[in-house]
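These are my notebook entries on one structure. I set down what I looked up, one topic at a time.

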Amino acid sequence: MGAEPLEIHLDDQDLDRSLRRDVRVGLTAPEKWLPPRWFYDTRGSELFDEITRLPEYYPTRAERAVLADRAAEIVELTRAKTLIELGSGSSEKTRLLLDAFTHRGGLGTFVPLDVSVSALTGSTTALAADYPGLRVRGIVGDFTRHLDRLPTGGRRLVIFLGGTIGNLLPAERADFLARMRAALEAGDWLLVGTDLVKNPAVIVPAYDDAAGVTAEFNRNVLRVLNRELGADLDPEAFAHVALWDPAHEWIEMRLRAERPMRVRVLDLDVGFAAGEELRTEVSAKFRPEGIAAELATAGFRTQRFWTDPDGLFGVTLARAA
């Protein structure tokens, strides 16, 4: 059937406004922060792809192992007619599900949603070529804002992989899941990947690898600000920090100023004290009962919960009640 023209709900001007808003709010906060979405320009996406292949970074391998083992079961349980992927990127792991759907038959449409026009253009073209009987309908949008733009009708399965839900703070997760449920009909399905609570000695190296790739990925957000906003941040003046927070059961990535400095961003004059930290990412880790409770609060009933053989990563299949 081929790839349809992209449905665009997010353009460059919208992204620019969002970046300016996030920078203004985050860099003037008492404890400075930036959201992780701004890591992912072309270079950031390349670096993250490299991270997923590092020996320390277990989440991608573990989630892929679950999907490889359970794809046929997921297809048989859901019997979906439409598969929707949030934050799709290259949809590499999703091919495990698409292969299983192709083997069983019945899937008519695949809808990847991502903020990147270039990523979606490449992935939808490749997927349409590899799955010629499938309608591929890419949506350029933000999963925190555009869930109401998802196609309706038929039996739908929404997938949200990679542990990305852990980048949302608890209140943000509750809001996201509530809006996800509002966008679905009773009987529709949600498949969500969650990194699990485990020994911090396993978790921390995944965010602070020996080769320093994650450090470069973290600093890339400063390069994005320099390029897009004309800022004068010196990425090399910031050290990469990855810390486990046992109270919240999440890991935080931060950038620590190695010397006092003042920088210009937009019309702001931003000061950093030596040792001051800028939080760039929170990555929550989950317990099975915790994600089930959050889903239940939003109106989903957990049907299955699977892990990889080492119990590192969880995949939950839930149904809209």
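**Entry 1: a helix and its cover.** I began with what covers the buried residues of helix H5, and found that the cover includes helix H4 (94-104), strand S3 (109-114), strand S4 (135-136) and strand S5 (139-140). I note that the model is a predicted one. The buried residues of H5 are Leu120, Ser123, Thr124, Leu127 and Ala128. Viewed down the axis of H5, these buried residues fall within an arc of 130°, so they line one face of the helix. I recall that an α-helix has 3.6 residues a turn, so residues three or four places apart point the same way. On the face of H5 turned away from the buried side I listed the exposed residues Ser118, Thr125 and Ala129.

I then checked the length of H5, which comprises 14 residues (117-130). At 1.5 Å a residue the helix should span 20 Å, and its end C-alpha atoms are 20 Å apart, which agrees.

**Entry 2: an open sheet.** In what order do the 3 strands of the open sheet lie? I read the order as S8-S9-S12, with antiparallel pairing. S8 and strand S12 (277-284) are the edge strands, each pairing on one side only. Direction ignored, neighbouring strands of this sheet are turned by 20° against each other on average.

Next I followed the pair of S8 and S9 (residues 250-257), which run antiparallel and are joined by 8 bridges. His240 has Leu255 of S9 as its bridge partner, and Leu243 stands opposite Glu252 in S9. The hairpin of S8 and S9 has 4 residues between the strands, and there Glu249 takes a positive phi near 55°.

Why is strand S8 described as largely enclosed by the rest of the structure? I found that 7 of the 8 residues of S8 (residues 238-245) are buried, which means under 20% relative accessible area.

Entry 3: In soluble globular proteins, nonpolar side chains tend to be buried together.

For Leu191 I set aside its neighbours within four places in sequence and listed the contacts. They include Leu67, Ile74, Leu97, Leu157, Val158, Phe160, Trp306, Val315 and Leu317.

Definitions and conventions:
Residues are numbered from 1 along each chain as its sequence is written. This is a predicted model: local features need pLDDT of at least 70, side-chain atom pairs count only at pLDDT 80 or more; totals for chains, interfaces and linings use all residues. Side-chain values use heavy atoms; hydrogens and water are left out. Buried means under 20% relative accessible area, exposed over 50%, partly exposed in between (1.4 Å probe, protein chains only). Helices (H or I, at least four residues) and strands (E, at least two) are DSSP runs, numbered from the N terminus. Two strands pair if DSSP finds at least two bridges between them. The expected span of a helix is 1.5 Å times one less than its number of residues. The arc is that of the directions from the helix axis to the C-beta atoms. Contact means heavy atoms within 4.5 Å. Axes are lines fitted to C-alpha atoms, for helices over the stretch in contact, and angles run from 0 to 180 degrees between N-to-C directions.
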